[in-house]
Each structure stands twice: as C-alpha cells, then as structure tokens.
Amino acid sequence: MGFFYMPSGLINYTLHESAIVGRAIIFTYFIDTHYVPKLISHRNVAVDGATTQSSTFMSWFAEKAIDSNRGLQQYPLCSSTLNESNPWWRLDLRDVYKISKVVVTNRNDCCAGQINRAEIRIGNSLENNGNDNPICAVIPAIPAGESYNYSCGGMEGRYVNLIIPGDMKILTLCEVEVYGQGPVLKRSFVKMQFNSRVDLTDPSLREKVLKQLGSVLADKGFTNVTLRWSQTPKRVIQKVNADKSHCGNGK
C-alpha cells in the first residue's frame, strides 16, 4: 500500500499498466481525501501564479493579465492571443485553492466585445491544456475598461483557464484576479493490487512500480504528486490444484 498527495476529483480510477516487462499488473486505487490547510486567505492569489496562453500577439504576454494593473487597460498592459480557433489563457496557482470568485477586467480601447462568451474553467487537470476542467462561469459581455466578478462557489483547482470557443477569436485580458481559500493539500491513500510473478518485496522492483504509476499520473496532467510505500507488499502464493489421474482396476 502506498500514499501520495493529489488533487481531488479522482474517485475510483482504475489503471491497467505493466510496470515490469512481461508481467500484467493492475493498479486500482480509491481516493479518500482530507483537508490539510496550510494557509487560509482571501487575497488575490493570482499574482503568485504562472501564466501561459495558446499564442501571443506581439508583446501582449500572458503574464500581463496578472501584473496588478487592473485600472490600466491599454497596450501594453494586457495579454492577448492571435486571431485563432479556441484561444485560451491559463493561470497555474502552484497549489490547490478553494476559489470563491474570479474578477476579469476587459480592455479599454476597441474590441471590447472580443471577450464575449469566454468560459472560466477551474480544476486540476492539464488534459487539453486545462480547457476540459469544470466551468465556473461564462462571460456574456464586459463593457470596455470594466471589471466583473464571477462567483465560483468554492470550486477547487490549481488551474484557472479562460477560453473562447469558436473560430477566428482573440482573447485579450487586462487583469485576472482569483480569490479564495488555500492552498490546501489533500492526503490520498492508494490501494494497489498486483498480479505478478515477480517478487515485489525487492526494493528496486517496488521503485519501478512507483515510477510507472507516477508516469501514468503525469500523462493525465498530475505532476505535483509524491509517491512512497507505506509498507512492504505481502507476497501471496496461489496454489493451483492439478487434476489427479487414477490408475488401477482397469480404470
């Protein structure tokens, strides 16, 4: 049995992977989460994060959306993508937070309508660049130079995405603020059942298993994970009863 720290929302995942060549190994883990708060805060946690976006128009870099210049909505103090399909912007909060609201400030020059129908998504997955995480809100419109609040009701997540679905779209953000509680850690115990003929009491083989599981989780977008064994696996030998042949008495 092992344990690791992982964001919530992963319940009853089953992974079918082979950690040792030629051996079929089945991982089955069940997440039982408990809050372990490190800090409770209602400040703007976006300023401590890291940003990226699907593309960049000239010097309108992603980080300019978290530069604390909420009231200055003109070039070059905003982020902006190119004109493209499904443009997106992502904020990595570096930890999991319970997010109460997101504040978005629109540009103050032309094209204020570009932000219309943008989706705010919050979660812990990086699949599809984080754009498949749950939706907090859809922005109908924000007047030029205005800041609108969007309540997220304590949604949990490390990543905050804004994406405009559709073709020929431009995503420009002059400020994104994120308020909530955290960061919080979640302690998760993992039960793993193995079907293998190799001896998993061997430390080197156990290390290979953890590396394999870590690789599978990383492929799913969970990179901030610590894995270790809490106890040595027990080896169980299954006996197979062979059919017995009966001889004698002409039988």
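What follows is a short tour of some backbone angles, a surface patch and one asparagine. Keep in mind that this is a predicted model.

- Most residues other than glycine have a negative phi.
- You'll find R94 in strand β7, which covers residues 88-105, and R94 is partly exposed at a relative accessible area of 46%.
- R117 also has a positive phi, near 75°, and isn't a glycine either.
- R117 sits in the loop between β7 and β8 (118-123).
- With a relative accessible area of 51%, R117 counts as exposed, because the cut-off for exposed is over 50%.

**A nonpolar patch on the surface**

- F57, M58 and L82 make up a nonpolar surface patch of about 290 Å².
- Look for M58 in the loop between β5 (50-53) and β6 (79-80); M58 is exposed, with a relative accessible area of 60%.

**A buried asparagine**

- N161 belongs to strand β10 (residues 147-163) and is buried, with a relative accessible area of 0%.
- What does the side chain of N161 reach at 3.0 Å? That's the backbone oxygen of N129.
- The N161 side chain also makes a polar contact with the side chain of N131, at 2.8 Å.
- Leaving out residues up to four places away in sequence, N161 touches several others, including W88, W89, R90, I120 and G130.

Notes: Residues are numbered from 1 along each chain as its sequence is written. This is a predicted model: local features need pLDDT of at least 70, side-chain atom pairs count only at pLDDT 80 or more; totals for chains, interfaces and linings use all residues. Side-chain values use heavy atoms; hydrogens and water are left out. Helices (H or I, at least four residues) and strands (E, at least two) are DSSP runs, numbered from the N terminus. Buried means under 20% relative accessible area, exposed over 50%, partly exposed in between (1.4 Å probe, protein chains only). Patches are made of residues with over 30% relative accessible area and no salt bridge: like charges are joined within 9 Å, nonpolar side chains (Val, Leu, Ile, Met, Phe, Trp, Tyr) within 5 Å. Accessible areas come from the Shrake-Rupley method with a 1.4 Å probe; for residues, only the protein chains shown count as cover. A salt bridge is a side-chain nitrogen of Lys or Arg within 4 Å of a carboxyl oxygen of Asp or Glu. A polar contact is a pair of N or O atoms within 3.5 Å; within protein, one must be able to donate a hydrogen and the other to accept it, and residues adjacent in sequence count only if both atoms are side-chain atoms. Contact means heavy atoms within 4.5 Å.
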